[in-house]
Amino acid sequence: MSREEKPYPPERAKGPAGEGPERGTTRDGSPRVLFVSPEASPLAMTGGLGDVAGALPQALLRLGADVRVVLPFYRGVRKRMEGSAPVLTEVEVPLGGQDLRCAVREGRLGRVPLYLLDREDLYDRPNLYAAPRGDYYDNLERFTFLCHAALRIPGALSWTPDVVHCHDWQTGLVAPLLKGPYRGDPSVATARMVFTIHNAGYQGLFPAEKLEVTGLSRAECYHPEGLEYWGSLSLLKAGAVYSDALTTVSPTYAREICTPELGLGMEGVFRARGDSLKGILNGADYGRWDPARDPHIAAGYGPGNMQGKSRCRKALVQETGLDGVPGDRPILGVVSRLDRQKGMDLLAQALPELVALDTGIVILGNGDMRIQEALERAAAPYAGRVSLRIGFDEGFSHRIMAGADFLLVPSLYEPCGLTQIYALRYGTIPVARATGGLKDTIRDGENGFLFEPYDAGALAEAVKRAVRAFSRKKEWPRMVRNAMSADFSWDRSAALYMELYEALMGRKAGGVSAHG
Ligand code: ADP
C-alpha cells in the first residue's frame, strides 16, 4: 500500500483498555496533530487562513498523520452541516472564573475528523468576527473559549496529540495555556506547540484589565517578554512568544516580519525567535482549483486544450455586462478583500489609467466601506468597461479566475497570497506587487509581472507591460504555459510541516530548537 493509500484512521500504538489516554505517536511513527483554527474552508472562511486550514490537514492525513481539527460551530457551519454533526462528547471550559459546558459535535473535512464547539451564545452569529460596524465586543471571550476547549478535547477523547498546531491570533493563547495552567494535564502536557502566522497585521489586541478572562497568571504572563504589548494584551504575541516553533506562510514574509516595515511593531518578537521562525509556502487545493474539473466555470480547459478558456472569457463578459471591451483586448480580474493591505486603494486610483489601456476590469470583493466607496466612485464612469461586485461569492471568484486574462494583486504586503497561485493554474497571468509570497510564486516576465513601489503609477506601468506581452504572438502562449505548469500543490508544503513536527518531537537530527 502506498503512502497515499493509508487507511483512515492510521493504526495506533494502543495500550490495553483502561490504561488511560493513548500515548505516543501512531504505530508507523507519524505524528498525532491537533489542529486548532478559527476558520476552515469550505465551512467557515474569510480569507486564505480558511483555505489553508481546509486543505493542509487533508494533505497531512495523506502523509500518514493522525490529524484532527477543532473549529467553532459558527452559524454558517451549522447551516451547512444541516443536522449531520452529532454530539460526540462534552467538555467543561473555564472562562473568566466560570466553568461553561460545551457540546463537541463531530464532522469531517474530507476524511479528517472535525470537532465543532457548539456554544450558541458565542458562535451563533451572522459573521465570524465582526458586525458591519466593528468587531464583536466579546472576541476575547469567544477565542479564549476556543483555546481552552481545544485543550480539553484530547482528555475527553482519551487521545494524546504530539503536536498542537495553531493559527493566527484567535488561537494564540493555546501556547501560554499549555505552558501554564495545562502543564499538569497528561492529555496535552507533552504536546509540542506550532504557531502559524497567516497575517502579522492582525495582532489580537485587548485591554490588559481583561487578562483574567484568559485564565493566565498576571505574574507569569503579563510582561514585555510575555503577552504584554505596549500596555495591552496581544494574542498574536502570545502565540509567537510561547510556541515551540513559529512559522509563517512564505519564506519572504518570514524575513519581512523581522523588519520594522512589516513586523508592524512585533519585529523584535519575531527576530528573537531566530532559527525557530520558518517560512513554509502555502499550497493550492487543486481539487477545488482545477480548470479541467471546475464545476463553477462555463467550460473546462487545460494546457493542451485552451478553447475552454475563451468560452469562460465570453461567459464572464456576458455575466458582467462588459460589452464595451473589444474582443482582442485583455480582461483584468480582481478577487480580494477590500482592504488597504490588498492595495485596493491603489486600484481605485489607477482605474482610469487601466481603462485607458482599452482593457475590461472585473472586481469582486468585500470589506472596508471606505475602499468600497472609492472603488464605486472610480468605476461609475465606465459602465460596460468596469464591473464591480461587492460580496463574497465563491462561484464568481472561480469564473473570474477562468475568464480573465490577468489577475491584479497590488498588495501593500502579502504573507503568501493564494489568488495568484490559483490564477497561475487557470492560465491567468498575475500582475502583482513584489512582496511576501507574491515574490516567492511569481517570476517577472516568466509567469507574471511584478512591480516594486507602492504607488498607482507603478501598478499602471506593470499593467502596460503586461498588456504589451498579451498582444505578442509568441511571448503570450509561453507565459501562459509557464503559469499553468507551476506546481504549488499542498503535498510539498505538508511534507515540510511533517518534517517540522518530527523535528519537534525529537526524532530527527537538527530539530527545531524549543523556545520558552
Ligand atoms: P487573504 O487571506 O489575505 O484574504 P489570500 O489570497 O491568502 O488572501 O486568500 C484569499 C482567499 O479568499 C482566496 O481563496 C480568494 O479566492 C478568497 N476570496 C477573497 N475575497 C473573496 C470574495 N469577495 N469572494 C470570494 N472569494 C474571495
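This is a short tour of the model, stop by stop.

**Before you start.** The model is predicted: local features need pLDDT of at least 70, side-chain atom pairs count only at pLDDT 80 or more, and totals for chains, interfaces and linings use all residues. Residues are numbered from 1 along each chain as its sequence is written, and side-chain values use heavy atoms, with hydrogens and water left out.

**Stop 1: the two domains.** Color residues 32–283 + 492–505 as domain 1 and 307–487 as domain 2. These bounds come from an automatic or database domain assignment. The C-alpha centres of the two domains lie 32 Å apart. The contact (heavy atoms within 4.5 Å) takes 20 residues from domain 1 and 17 residues from domain 2.

**Stop 2: the interface.** The size of an interface is often given as the accessible area lost when the parts come together. Here domain 1 and domain 2 bury about 1400 Å² between them, 56% of it on carbon and sulfur atoms. Buried area is the accessible area (1.4 Å probe) that two parts lose on being put together, summed over both. Now select Asn199, Thr252 and Leu281 in domain 1. They lose the most area to domain 2, together 24% of what that side buries.

**Stop 3: the ligand.** Where does the ligand lie? Both domains give residues to the shell around the ligand, so it lies between them. The ligand is surrounded by 18 residues, where near means a heavy atom within 4 Å. Gly48, Asp51, Arg337, Lys342 and Gly391 are the closest.

Show the polar contacts (pairs of N or O atoms within 3.5 Å):
- Gly48: a polar backbone atom is 2.5 Å from an oxygen atom of the ligand.
- Arg337: a polar side-chain atom lies 2.8 Å from a ligand oxygen atom.
- Lys342: a polar side-chain atom lies 2.8 Å from a ligand oxygen atom.

Taken alone, the ligand exposes 560 Å², and the protein buries 93% of that. These accessible areas come from the Shrake-Rupley method with a 1.4 Å probe.

**Stop 4: the shell by element.** Select H1 (48–62), E15 (331–338), E16 (360–367) and H16 (419–425); each supplies at least two shell residues. E15 gives the largest share, 3 residues. Helices (H or I, at least four residues) and strands (E, at least two) are DSSP runs, numbered from the N terminus.

**Stop 5: two backbone details.** Go to Ser41 and Pro42. A cis peptide bond joins them, with omega about 5°. Pro42 sits in the loop between strand E1 (32–36) and H1. Then pick Glu82, in the loop between helix H2 (75–81) and strand E3 (87–95). Glu82 is not a glycine, yet has a positive phi of about 40°.

Definitions and conventions:
A polar contact is a pair of N or O atoms within 3.5 Å; within protein, one must be able to donate a hydrogen and the other to accept it, and residues adjacent in sequence count only if both atoms are side-chain atoms.
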